Amino acid sequence: MKIITWNVNSIRARLEIIANYIDANSPDVVAIQETKVVDEDFPIETFKVRGYDVAFSGQKAYNGVALMSKFGLENSKGNLIDSNNEKRTIQAQINDITIINAYFPHGRLKGGERFFFKLEFFKKMKNYVEKESLIQKRMILLGDFNVAPEEIDVWDHILLGNSIGFMDEERDAFRDLVSIGLIDAFRLKHPNERAFSWWDYRDGSFRKNEGMRIDHILISPALQSNLAECFIDKGPRKLKGTSDHAPVVVEIK
DNA sequence: ATGGTCGGACCCCGA
């Protein structure tokens, strides 16, 4: 089963790029963040005609998440945790695997209201996974975490020491969530690879490969022996009019 | 090189 996670930065602005990617790569499950569309306007047909069941939880202008699956979506639900009514989470069971798709808050500036909202969001997600006893089951928590956990996950750890996405408090929040037993699929498969999933639109960051690895696929221990491969597909990031994030791909046997 | 990011909703905000 091939699963991808992708922050597309508006599903409507990126619809052709997403459709082309799906046609070329045939993922079984697609987890999207930042759809930026209310549910009434979700472009569901694009995915239905390609054989996907679709579930989504969106709002006007900001946030929004979606799950598409070729193997059905059971017990799908959004708004898993309290998040100021911001549509940032959606979950479903696919082939007996529980998949949680999450768009973690950006955080803006250190010490501000949105920064604490971000740290709280990590705690709430940890509590949710524990409360639902998901870590003991076949479970994947994936999405845009807006945190690069280690020095190898950013292009310059000295320069970025006080930048959003790589501050100590955020990295601690990420580690605290992972500490319940989650496994970073990309890092397990590529222990020494410096790879990024996001590059700022500004300053030619992609051309200079000045990025951060903030999109993650975390699996429960029950899936570790089924993990065939995990990689970041930089291809779509090269396109004109594309998202500032690249898809992360995982293959589960 | 006398500019240098996007999208969405509005003429700014959030990322």
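Student: In this predicted model, which residue forms a salt bridge with Arg-50, and where do the two partners lie?
Tutor: The closest N and O atoms of the pair are 2.8 Å apart, within the 4 Å that a salt bridge requires. Arg-50 sits in the loop between α2 (45–48) and β3 (53–57), while its partner belongs to helix α1 (residues 15–25), so that distant parts of the chain, 27 residues apart, are linked. The partner of Arg-50 is Asp-23.

Student: Is Asp-23 buried, partly exposed or exposed?
Tutor: The relative accessibility of Asp-23 is 45%, and the class in between runs from the 20% limit for buried to the 50% limit for exposed. Asp-23 therefore counts as partly exposed.

Student: Which residues are joined into one network with Arg-171 by salt bridges that share partners?
Tutor: Arg-171, which counts as buried at 11% relative accessibility, meets Asp-168 in a salt bridge of 3.9 Å, N to O. Both residues lie in helix α4, three residues apart, about one turn of the helix. Through shared partners, the network joins Arg-171 with Glu-150, Asp-168, Asp-172 and Arg-175.

Student: How many salt bridges does a search of the whole structure find?
Tutor: The pairs discussed above, including Arg-50 with Asp-23, belong to this set. The search of the whole structure gives a total of 18.

Terms used:
Residues numbered from 1 in each chain as written. Chains lettered and ligands numbered in written order. Predicted model: local features only at pLDDT ≥ 70, side-chain atom pairs only at ≥ 80, totals over all residues. Heavy atoms only, no water. Salt bridge = Lys/Arg side-chain N within 4 Å of Asp/Glu carboxyl O. Helix = DSSP H or I, 4+ residues; strand = E, 2+ residues; numbered from the N terminus. Buried < 20%, exposed > 50% of the residue type's maximum accessible area, 1.4 Å probe, protein only.
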